[in-house]
Amino acid sequence: MTTSADISPTTYDSRTPPRQHVLDLDDFSRAEITEILETSSSMKEILGRSIKQVPALRGKTVVNMFFEESTRTRISFELAARALSANVVGMTAKGSSVEKGESLVDTVRTLQALGADIIVMRHSAAGAPYLVTQHFQGSVINAGDGRHAHPTQALLDLFTIQERLGHIDGLRVVIVGDILHSRVARSNLWGLMTMGAHVTLCAPTTLLGPADYWTSTWPQVTISYNLNDCIADADVIMTLRLQKERQQTGLLPTLREYTNLFGITTERLKCAAPHCLIMHPGPMNEGVEIMPDVVTSMQSVIEDQVTNGVAVRMALLYTLAGSSRHDE
């Protein structure tokens with residue numbers, strides 16, 4: 001295990017083949033995820049110090065290229081890069097040459113010429129980060145692409161679960177909410193199942209889609225349309241944000257009905273085990289998919305998820321930069 005005391009610009013202990021990009025968790029092995037989680041523990045120890053910074057990425061340039069609005073992910077990556085002493089550049093579509101019609105490929109080539117080492121990218125188009133990797137010599141981290149993937153959210157969720165419950169293998173995890181449109185759900189499915197968890201997807205049929213859409217890719221996944229049936233056996237309940245426009249497009253009759261059937265309430269949690277964790281990737285619609293008193297309950301680890309996001313993203317930046325150092 002790489003300890004925090006060993007983290008420096010010249011040391012890198014890799015027990016898995018060096019990785020250049022983080023685009024989703026579908027190509028991560030169990031050993032690789034385990035190593036990222038262990039490195040995240042070291043990074044969290046650094047964040048607990050009075051001086052929350054180490055020189056591991058000194059001289060490296062990280063560009064946060066966010067073409068979608070973001071608070072948690074964008075700030076988390078910025079804090080992570082600065083904690084590792086990287087040069088950090090923030091970029092959005094607004095105010096950039098993108099507004100003048102510059103293509104994504106041209107933008108990436110410009111960043112390449114300016115000396116960027118790592119691009120952290122959020123984009124509304126699924127697959128956009130994959131396109132960037134074809135035109136960028138450095139590393140790319142997918143910070144969310146359309147409905148497709150959000151690998152860093154899934155990794156921080158895994159880290160939070162392991163930190164609280166001590167393991168992931170064999171745990172019963174229920175993902176509830178707008179699963180069909182969720183990049184978080186897809187990446188978590190890859191991560192949780194790779195680490196040996198038993199996953200149940202629970203949602204109205206209109207927010208889940210055909211069962212074989214999920215079971216054809218993840219044969220071990222369980223499909224349920226009744227949250228009460230899932231609660232009793234759950235070690236973790238991960239609820240997803242319900243986008244209110246789903247009601248406007250006819251996918252839900254009313255928000256009240258959704259809350260009655262799928263909302264995480266204190267009354268509903270009385271049937272769950274006392275150790276059951278409540279998670280949410282944010283932003284939340286309190287009073288719709290999750291009640292305010294549940295958010296602040298002892299079972300909630302929602303604030304832990306936000307805190308752990310910095311440590312996990314530090315671990316990823318360090319690992320990718322370390323891979324390039326290892327090759328030099």
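1. In this predicted model, the side chain of R19 approaches the backbone oxygen of H21 at 3.0 Å.

2. Helix α2 covers residues 72-83, twelve in number. From its first C-alpha to its last it reaches 16 Å, close to the 16 Å expected at 1.5 Å a residue. The buried residues of α2 are T73, S76, F77, A80, A81 and A83. Viewed down the axis of α2, these buried residues fall within an arc of 160°, so they line one face of the helix. Just after α2, S85 adopts a positive phi of about 70°.

3. The largest nonpolar core comprises 90 residues, of which I175 and L317 touch the most other members. Helix α13 (residues 302-327) supplies the largest share of this core, eleven residues. In general, nonpolar side chains in soluble globular proteins tend to be buried together.

4. When neighbours within four places in sequence are set aside, I175 is in contact with A185, N188, L192, V199, T200, L201, C202, M238 and L240. Another core lies apart from the largest one and has 15 residues, including L23, I119, A128 and F136.

Note on methods: Residues are numbered from 1 along each chain as its sequence is written. This is a predicted model: local features need pLDDT of at least 70, side-chain atom pairs count only at pLDDT 80 or more; totals for chains, interfaces and linings use all residues. Side-chain values use heavy atoms; hydrogens and water are left out. Helices (H or I, at least four residues) and strands (E, at least two) are DSSP runs, numbered from the N terminus. The expected span of a helix is 1.5 Å times one less than its number of residues. Buried means under 20% relative accessible area, exposed over 50%, partly exposed in between (1.4 Å probe, protein chains only). The arc is that of the directions from the helix axis to the C-beta atoms. A polar contact is a pair of N or O atoms within 3.5 Å; within protein, one must be able to donate a hydrogen and the other to accept it, and residues adjacent in sequence count only if both atoms are side-chain atoms. A nonpolar core is a set of buried Ala, Val, Leu, Ile, Met, Phe, Trp, Tyr and Cys residues joined through side-chain atoms within 4.5 Å. Contact means heavy atoms within 4.5 Å.
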